[in-house]
Amino acid sequence: MIIQRLLRFLPGILLAMALNQVPGLAQVTYQRLLRADSEPANWLTYSGNYQSHRYSQLNQVNRQNVAQLKPAWVYQIRQAGVVETTPIVADGVMYITEPPSTVTALDVSTGRPLWTYSPSIPADVIAIGSPFGQVNRGVAILDDTVFVGTVHSHLVALDAKSGAVRWDTVVADNKLGYWLTLAPLALDGKIIAGVSGAEAGIRGFVDAYDAKTGERLWRTWTVPAPGEPGSETWAGDSWKTGGGSTWLTGSFDPELNLLYWATGNPAPDWNADERPGDNLYTCALLALDPRDGKMKWYFQFTPHDTHDWDANQIPVLFDAAINGRQRKLVTVANRNAFYYVLDRETGEFISGTPYAKQTWAEGLDAKGRPILRPGMDPSVEGTLVYPYVGGPANWHSPTYSPQTKLFYQAVREVGAFYLKGEADYKPGLAFVGGGQRALTGDDAYGAVRAMDATTGQMKWEFKLQSPPVAGLLSTAGGLVFGGTEEGNFFALDAESGRPLWDIQLGGGIRSGPISIAVDGKQYVVISAGFALFVFGLP
Amino acid sequence: MVTVQRVRAGILPCLLLAASTLAAAQSPSDVEQGRRLYDGMCVTCHGFDGAGGEAPSLSRPMSHTDETLKSIIGNGIPNRGMPRVRRFTDNEVLQLVSYVRSLGRVASVSLPGNAERGGEVYRRQGCTSCHMVNGNGSSLGPELTGIGALRAPQHLKQALADPGAVLPRGTLPIPARAYFEYLPVLVVTEDGREVRGMRINEDTFTIQLRDAGNRFHTFRKSNLRRIEKETGKSLMPSYRDRLTAAETDDLVAYLSSLRGAK
């Protein structure tokens, strides 16, 4: 019996050994994270690699056979809620989060739970700003520890084999509206985390914690205090409640030793009367030195935002020739409807192109600053502006395929009447000053768009019935996987956008797909509704 | 947009006057602020001056306490088409409540028609062949048992004269996201077969219809040559030329009296 089982696992063990890993021991070293691309059987970080490509090198599932994909197993989420998790898969174990902040480890070949951890969250926990409630996007793994951010604003380190708590650190005061939804990012001995809460008027920051002890190593505020650089872009005390959340996992360039982290909207969102100025460093991308958190450069996409266009989208890193010169790039499909190409060494603006309908800017100037159209601010009566508050892009992941050199984004085409209201700061309550009345229903639609990654020029689009909340995955099999609000999980030809396969999963898809291999066989994983689905070839 | 124009046309000038004089009697600035908020956020559904439209009229006395009104406005009514439009400060909710209350002081307009006679018209005209009331009739069109609580008289009148001008909206905010319900769709299959029906549901890859015979059809979009969404049309015939003005008034009075299962 034992021999038989060993024999059955042998190919997997051999494969694992060939890939220089020890099965059953979740020893995910920093070296392995650095070379995540070289072990495509696993999915070691939120976006698949530090460059945030959400691309899988696996090609067993490809254009020819993708139509044969069948469910291998399904895991039912235990507490109803919106599932935004990207699983982390390492050495035969899949680590997912379930709403609100539960971590569950599953046997990757059967879906059987191995352990689960649920923090005790106070009943009066404050979670303001997410339309989907108390969500979580996943864990990080480093060595033999799994890290999760919680809705009550803790960062917790769990033993990867048992789920036992190694340490539990309070990141910030939840009573002030701070909470954590993002998957942390593991670097060399450090865990990087950011916060949600701009809709409650927090002052945002990016933190680094010692992975072994949970001790805070540094904190970089996203809104400067008086006297600090950028403080001249705030009036009076407005910086104290200035927002600038950091609620989505960033990217990392080990060679430049730079961390790329995005910031959210200034607070209050839609009533900017008390915060004249550019409101640095909100709605921006920050390049931070991971050793001390010092800001090497920043690029602000939407100065003095009045539409809640958080820049919390995934920054994608790749190198490419621009005007004959090879450059290190970071690109972002921003929530304000422009696709930005920046030099990731210096932050220099290279280009910015609309990739969705927008009516608020004439364009971008030579430095990438928007040239505003007048009369686009929110009003009491409502001002019609494209894009809507949710933006064409949001946290849902794009993917970059080194094979096609295309950047794929699930786009939402929606306009909204932007409403201005009162903004009244009370700790732990909504501090938003307005909202929107979106043109939903048949007036809105979605699309998967493929863009030339260096220019943002659209190559093809695949229309979706409604604005999507699901991220994308591209694979070496020449495929792009995505999902819809109506519950369709689908695969497109990465070159042409032609649909090759789809299945109805019975619940909206609000997470990003990943691909892994178990015993040498490729699987594609996605959550939909209250379940997690794993698909493989028959 | 259609809604706003239609409802505006339906407002009686005297009603407007009455609203503003009575409103002035209570904290004028609150009511006025409330009106501005209302015009930005509520008017598309509840009509100008709360005259009603896609959503019920608010210019009538309501039994809600201030607390219930606050909760309705602040949180919406789940799955009934009344959304939480946005987050409000306490003060803004108070202003909206004041405004809605000021509307409620307007004496409810008595409808010109006679509901009993309207019930006769309803049966005579064969509305039953497409609609259900209290479990009787056919289910091709929307159930009308509670239509009087959901729709204002102006809307009902328009529904008879110009069906399709405003189709009912889906009421689940997510995931139905306020699609038009009963949207007429014509599909042509690869082999040239035509099917016309109302959209029951749709996703990126499939569409479900119910035809005029109340038969259900489902299609994969990739197997269709054409999908034509007939926005602005309805499977319900117009009764503009089939009813006298008096019959229309009676019918509207009857429909308005339908306030839910008895």
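These legends accompany close-up views of a predicted model.

**View 1. Chain B in outline.** Chain B holds ten helices and seven strands. Its length is 262 residues, and 46% of them are buried. Among contacts in chain B with a separation of 6 or more, 61% link residues 24 or more positions apart.

**View 2. Helix H9 against helix H10 in chain B.** H9(B) covers residues 153–161, and H10(B) covers residues 245–256. The two helices pack at an angle of about 125°, and their axes are 10 Å apart. Angles of 65 to 115 degrees count as roughly perpendicular, and those over 145 as roughly antiparallel. H9(B) and H10(B) are therefore oblique to each other. Their crossing is right-handed. From H9(B), the contact takes Pro153(B), Leu156(B), Lys157(B) and Leu160(B). From H10(B), it takes Thr248(B), Asp249(B), Leu251(B), Val252(B), Leu255(B) and Ser256(B). By class, six of these residues are nonpolar, two are polar and two are charged.

**View 3. Helix H7 against helix H10 in chain B.** H7(B) spans residues 115–124. The angle between H7(B) and H10(B) is about 100°, with 7 Å between the axes. The pair is therefore roughly perpendicular. H7(B) contributes Ala115(B), Arg117(B), Gly118(B), Gly119(B), Val121(B), Tyr122(B) and Arg124(B). H10(B) contributes Glu247(B), Asp250(B), Leu251(B), Ala253(B), Tyr254(B) and Leu255(B). This contact has seven nonpolar, two polar and four charged residues.

View 4. Thr128(B) sits between H7 and strand E1 (132–133) of chain B. Its relative accessibility is 29%, so Thr128(B) counts as partly exposed. Leaving out residues up to four places away in sequence, Thr128(B) touches Tyr122(B), Arg123(B), Asn136(B), Gly137(B) and Ser138(B). The C-alpha atom of Thr128(B) is separated by 38 Å from that of Gly74(B), a residue 54 positions away along the chain.

**View 5. Helix H5 of chain B and the residue just after it.** H5(B) runs over residues 66–75, with Leu69(B), Ile72(B), Ile73(B) and Gly74(B) as its buried residues. Helix H6 (90–104) of chain B is included in what covers them. Just past the end of H5(B), Gly76(B) adopts a positive phi of about 75°.

**View 6. Gln465(A), in touch with chain B.** Gln465(A) occupies the loop between strand E31 (458–464) and strand E32 (473–475) of chain A. At 11% relative accessibility, it counts as buried. The side chains of Gln465(A) and Glu202(B) make a polar contact of 3.2 Å. Residues up to four places away in sequence aside, Gln465(A) touches Ala444(A), Tyr445(A) and Glu486(A) in chain A, among others.

**View 7. Glu485(A), a buried loop residue.** Glu485(A) is in the loop joining strand E33 (479–483) and strand E34 (488–493) of chain A. Its relative accessibility is 1%, so Glu485(A) counts as buried. The side chain of Glu485(A) forms a polar contact of 2.8 Å with the side chain of Arg510(A).

Terms used:
Residues are numbered from 1 along each chain as its sequence is written. Chains are lettered from A and ligands numbered from 1 in the order in which they are written. This is a predicted model: local features need pLDDT of at least 70, side-chain atom pairs count only at pLDDT 80 or more; totals for chains, interfaces and linings use all residues. Side-chain values use heavy atoms; hydrogens and water are left out. Axes are lines fitted to C-alpha atoms, for helices over the stretch in contact, and angles run from 0 to 180 degrees between N-to-C directions. Helices (H or I, at least four residues) and strands (E, at least two) are DSSP runs, numbered from the N terminus. Angles under 35 degrees count as roughly parallel, over 145 as roughly antiparallel, 65 to 115 as roughly perpendicular and the rest as oblique. A crossing is left-handed if the near helix is turned anticlockwise from the far one by less than a right angle, and right-handed if clockwise. Contact means heavy atoms within 4.5 Å. Ala, Val, Leu, Ile, Met, Phe, Trp, Tyr, Cys and Pro count as nonpolar, Asp, Glu, Lys and Arg as charged, and the others, Gly among them, as polar. Buried means under 20% relative accessible area, exposed over 50%, partly exposed in between (1.4 Å probe, protein chains only). A polar contact is a pair of N or O atoms within 3.5 Å; within protein, one must be able to donate a hydrogen and the other to accept it, and residues adjacent in sequence count only if both atoms are side-chain atoms.
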